[in-house]
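Hello,

Below is the structure I promised to pass on. My notes on what was found in it follow.

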Amino acid sequence: MNSTNITFDPSTCKMPSIVETPLVYNTTLLSFYIFTLIVLCALIIFGNSIIIWSFIRFKKLRDKKYVLIGSLCLTDFLTGVILPIQILAPPSFIDGIGVSLAIISVFTILAIAVERFYILVVMNVDMSRTAATRKQLFIFCVVMWVAVFLAVVPWTMYPYKYIVLIYSFAPLSVIVVMIGVCILYTCIFYTMHKIDKEKENRLGRRRINRTKLVIQAYAVIVITFAVCWLPWCIEALIIASKTYLSRNPKDREICYTATIPAIFFLNIGLLNSAINPLIYWLKLPDFHEAINRLPIFKCCACGFCQKRPELNRSDTNSFASSSFMNKTVALQINEIKS
């Protein structure tokens, strides 16, 4: 805490560190936080590794319509790798990389919504198409990644300004983007409902159902992102309004502050990166098929399938034998009656 007799100098501030949070005064909460952080990061790495493996193994997933999903998956995977270093290791520029990955996720989700909106509402064509070629989408992703890293990471050399950036620009960008994305998807769903009957005649009911599954998957990804990150965004803006963005100069004379809710809300935000692979598997038919064909899951599936025919055959034999016995008994009864 700064003394009232000493002038506050922002240049003396250091990068955010977990040792400067209220958790250090409660070992139980600190242990629980570290445990949940490690478990979440392990789930993130495991789930997104499976998705990346599917991308590498199956050419169908490398289609242009899944380029942005691939970028989002890679972002989540790197988040799971970098975040334990960012939180538990001494403060460094790694912190800026972690924040950059979160911002890239936000803009990727916005890009997905804009592309889907442009295709369905503006161009009024099939959702299986894309507004750009695979090469153009790949270049867009590379440019977006490089631009965000160049815009965020250098601020780590100015810790005070970097902390203000975390508590102001980061949560505001998430909220603004989520509002925009919700508006776009509302237009998309309205347009889909309007042209469903036309597509039914041209593409067939089965194709339309598949198209609906794809767009619903994108919507679930957006909603999950918003639900997971909104608590942290609100808490971060509350902290910023009371300190870094306060009208009272004395309130701004603080290097780094964090509340216990903000720290645990961050873990809830991380839960989004662990849930995304499950959404791909459940909601995107191509990913569902590709993941089920991976060797590790294929072996499990085959083992289950091999047991089922044996049970079916045994059940069939038992039913056949019982029906044969019933027929035999019936014939004997008829003979006695006659």
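Helix axes here are lines fitted to C-alpha atoms over the stretch in contact, and angles run from 0 to 180 degrees between N-to-C directions. Helices (H or I, at least four residues) and strands (E, at least two) are DSSP runs, numbered from the N terminus.

Two notes on the source come next. This is a predicted model, in which local features need pLDDT of at least 70 and side-chain atom pairs count only at pLDDT 80 or more, while totals for chains, interfaces and linings use all residues. Residues are numbered from 1 along each chain as its sequence is written, and side-chain values use heavy atoms, with hydrogens and water left out.

The whole chain

The protein chain has 9 helices and 0 strands. Of its 338 residues, 42% are buried (under 20% relative accessible area, with exposed over 50% and partly exposed in between; 1.4 Å probe, protein chains only). Contact means heavy atoms within 4.5 Å. Among contacts with a separation of 6 or more, 79% are between residues 24 or more positions apart.

Helices α1 and α7

Helix α1 (residues 27-57) packs against helix α7 (residues 260-283) at an angle of about 20 degrees, and their axes are 9 Å apart. α1 is therefore roughly parallel to α7, since angles under 35 degrees count as roughly parallel (over 145 is roughly antiparallel, 65 to 115 roughly perpendicular and the rest oblique). Residues of α1 that meet α7 include Leu29, Phe32 and Leu40, and those on the α7 side include Ile260, Phe264 and Tyr280. By class, this contact has 17 nonpolar, 5 polar and no charged residues (Ala, Val, Leu, Ile, Met, Phe, Trp, Tyr, Cys and Pro count as nonpolar, Asp, Glu, Lys and Arg as charged, and the others, Gly among them, as polar).

Two single residues

Serine 173 is in helix α5 (residues 159-203). Its relative accessibility is 9%, so serine 173 counts as buried. The C-alpha atoms of serine 173 and valine 106 are separated by 7.9 Å, although the two are 67 residues apart along the chain. The side chain of serine 173 also reaches the backbone oxygen of alanine 170 at 2.7 Å.

Aspartate 286 lies in helix α8 (residues 285-292). Aspartate 286 is buried because its relative accessible area is 4%. Its side chain makes a polar contact with the side chain of lysine 60 at 3.1 Å (a pair of N or O atoms within 3.5 Å; within protein, one must be able to donate a hydrogen and the other to accept it, and residues adjacent in sequence count only if both atoms are side-chain atoms).

Regards
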